[in-house]
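Subject: Structure handover

Hi,

Here is the structure I promised to pass on to you. Please open it alongside this email, and then read on for what turned up in it.

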Amino acid sequence: MAYFPDVTKIEFEGPSTDNPLAFRHYNPDEIVEGKSMRDQLRFSVCYWHTFRASGVDPFGAPTMQRPWEDGTDSVDNALRRVDVAFEFMEKLQAPFYCFHDRDVSPEGSTLAESNSNLDKIAAKLKAEQERTGIDLLWGTANLFSNPRFMHGAATTCNADVFAFAAAQVKKALEVTHELGGLNYVFWGGREGYHNLFNTDMKRELDHMARFLHLAKDHAKSIGFEGQFLLEPKPKEPTKHQYDFDAAACMNFIRSYGLEDVCKLNVETNHATLAGHTMMHELQYSSMQGALGSIDANTGDMMLGWDTDQFPTDIYLTTQCMLVILEQGGLTPGGVNFDAKVRRESFEPIDLFHAHIGGMDAFARGLKIAAKIRADGKLTDIVKNRYRSWDEGIGAKIEAGEVNFADLEAYMLKKGEAAPNESGRQEFLENLINDYI
Ligand code: XUL
Ligand code: CO
């Protein structure tokens, strides 16, 4: 049975098509910088927003029309949803998907029942992956929705809750491994605090590190070789989340000796919540050798929270792809649409419009970034800007060959620094616009 009967496979029809259910720019087989667009972009559909979001918000009831839902949180309903998900992803030509344990299968009244529910769904996910060739980009565990996690999961004050979270991640890792997952994500939604008067921050951070080391040990013991990804976010639902931004994550990773297993999954709306641009977070992670994957979405300039909208801004996707191409791609990560349709876009077809738009926006960003790179002007300008470091005193400083006294002697002899040159910001902004 078809759940999207009015939609056939979404094909590339080029920029001049007026078919809203076609790609204008995403042409999976087209080669850009030596790889197909499919392999450069590695698009992924997220299970939670796409197949579980109801349209509920703090002020209103669910709005989404999802005719396949029977209104129960049963295993049968969850099994049917797997068919819906794979039909959707197949028609969209999405090569990857990802999920939290509790998105795909209902939580039972005991841990044992939850695990057995998950096993039933995972068997069907596996069969559908094999049938369609769609792969699991990453798995994760939902350690934030159930009230038991109100004080956190790995950073809770309640040791039993830590143990529960560990059991849940153990199972989620095993299922991710069983499904050939390429990565495993840790987003610490409640790993933070609302008030420091009741919080032992040092102890909580030590526990978070212990948790990740335990996860690392378990992954090793089951032969899971996927990449661990921490997902920075500064706040929401907590007032302060420990994985605040890429820099805070890197400090944590290095302080606790986790650099051999943990990279980052960088999300646009989280970057902007932290007061950074996505490009900043990507560049920072990449220069640390830690840019593993991205959650592609965007916030709204007028709203200060995590609205998880689909990315449509070509300027944003160009910036993302400039950094991603520069580091040679994201593999084994990908571009996961951690994005949801608006509450007012309640028809199933809106899910297609949203993803097609996001994929086309990234395809354009990819092509524009490749053009900027092929031209080389931007790289040349940046290189030239730093040329005083390529020889003379600059080269000596970089090589560690001079001390403060040497630099004082150099300057006393020279009298004044060489004159500065313009940063040419406006010229460069115009240059980028030429490619767009
Ligand atoms: C929440 C968020 C999560 C993670 C996975 O803001 O981004 O959906 O991506 O837990
Ligand atoms: Co995310």
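Let me start with a proline: Pro237 sits in the loop that links strand E8 (227-230) to strand E9 (240-241). Please keep in mind throughout that this is a predicted model. The peptide bond leading from Glu236 into Pro237 is cis, and its omega is near 15 degrees. Pro332 is placed in the loop between H11 and strand E12 (335-337).

One more backbone detail belongs here. Glu33, in the loop between strand E1 (31-32) and strand E2 (35-36), has a phi near 45 degrees, which is positive although the residue is not a glycine. As background, most residues other than glycine have a negative phi, and most peptide bonds are trans.

Trp187 itself is in the loop between E6 and strand E7 (192-193).

Next comes the overall strand arrangement. How many strands make up the closed barrel? There are 8, in the order E3-E4-E5-E6-E8-E10-E11-E12, and the pairing is parallel. From one strand to the next, the twist averages 30 degrees. To look at one pair in detail, take strand E3 (residues 43-46) and strand E4 (residues 96-100), which run parallel and are joined by 3 bridges. Cys46 stands opposite Cys98 in E4.

The largest pocket may be the part you want to browse first. Its volume is about 1,400 Å³. It has 48 lining residues, of which Trp48, His49, Val56, Asp308 and Lys340 are the closest to the pocket's centre. Two or more lining residues come from each of helix H2 (47-52), helix H4 (101-104) and strand E5 (135-140). H2 gives the most, with 3 residues. What is the make-up of the pocket lining by class? It divides into 16 nonpolar, 13 polar and 19 charged residues.

Finally, two helix contacts that share H10. Helix H8 (residues 246-255) packs on helix H10 (residues 278-287) at an angle of about 25 degrees, and their axes are 9 Å apart. The angle is under 35 degrees, so H8 counts as roughly parallel to H10. On the H8 side the contact has Ala246, Ala247 and Met250, and these meet Glu281, Tyr284 and Ser285 in H10. The residues of this contact are 4 nonpolar, 1 polar and 1 charged.

H10 also packs on helix H11 (residues 314-326), here at an angle of about 5 degrees and with the axes 9 Å apart. That angle makes H10 roughly parallel to H11. H10 brings Met278, Met279, Leu282, Gln283 and Ser286 to the contact, while H11 brings Leu316, Gln319, Cys320, Leu322 and Val323. By class there are 7 nonpolar and 3 polar residues in the contact of H10 with H11, and no charged ones.

Happy browsing, and best wishes

Technical notes
Residues are numbered from 1 along each chain as its sequence is written. Chains are lettered from A and ligands numbered from 1 in the order in which they are written. This is a predicted model: local features need pLDDT of at least 70, side-chain atom pairs count only at pLDDT 80 or more; totals for chains, interfaces and linings use all residues. Side-chain values use heavy atoms; hydrogens and water are left out. On a 1 Å grid over the protein atoms alone, a cavity is a set of points where a 1.4 Å probe fits but cannot get out, and a pocket is an open set with protein on both sides within 12 Å along at least five of seven lines; lining residues have an atom within 4 Å of a point. Grid points are joined across faces, edges and corners, and a volume is the space filled by probe spheres set on the points. Helices (H or I, at least four residues) and strands (E, at least two) are DSSP runs, numbered from the N terminus. Ala, Val, Leu, Ile, Met, Phe, Trp, Tyr, Cys and Pro count as nonpolar, Asp, Glu, Lys and Arg as charged, and the others, Gly among them, as polar. Axes are lines fitted to C-alpha atoms, for helices over the stretch in contact, and angles run from 0 to 180 degrees between N-to-C directions. Angles under 35 degrees count as roughly parallel, over 145 as roughly antiparallel, 65 to 115 as roughly perpendicular and the rest as oblique. Contact means heavy atoms within 4.5 Å. Two strands pair if DSSP finds at least two bridges between them.
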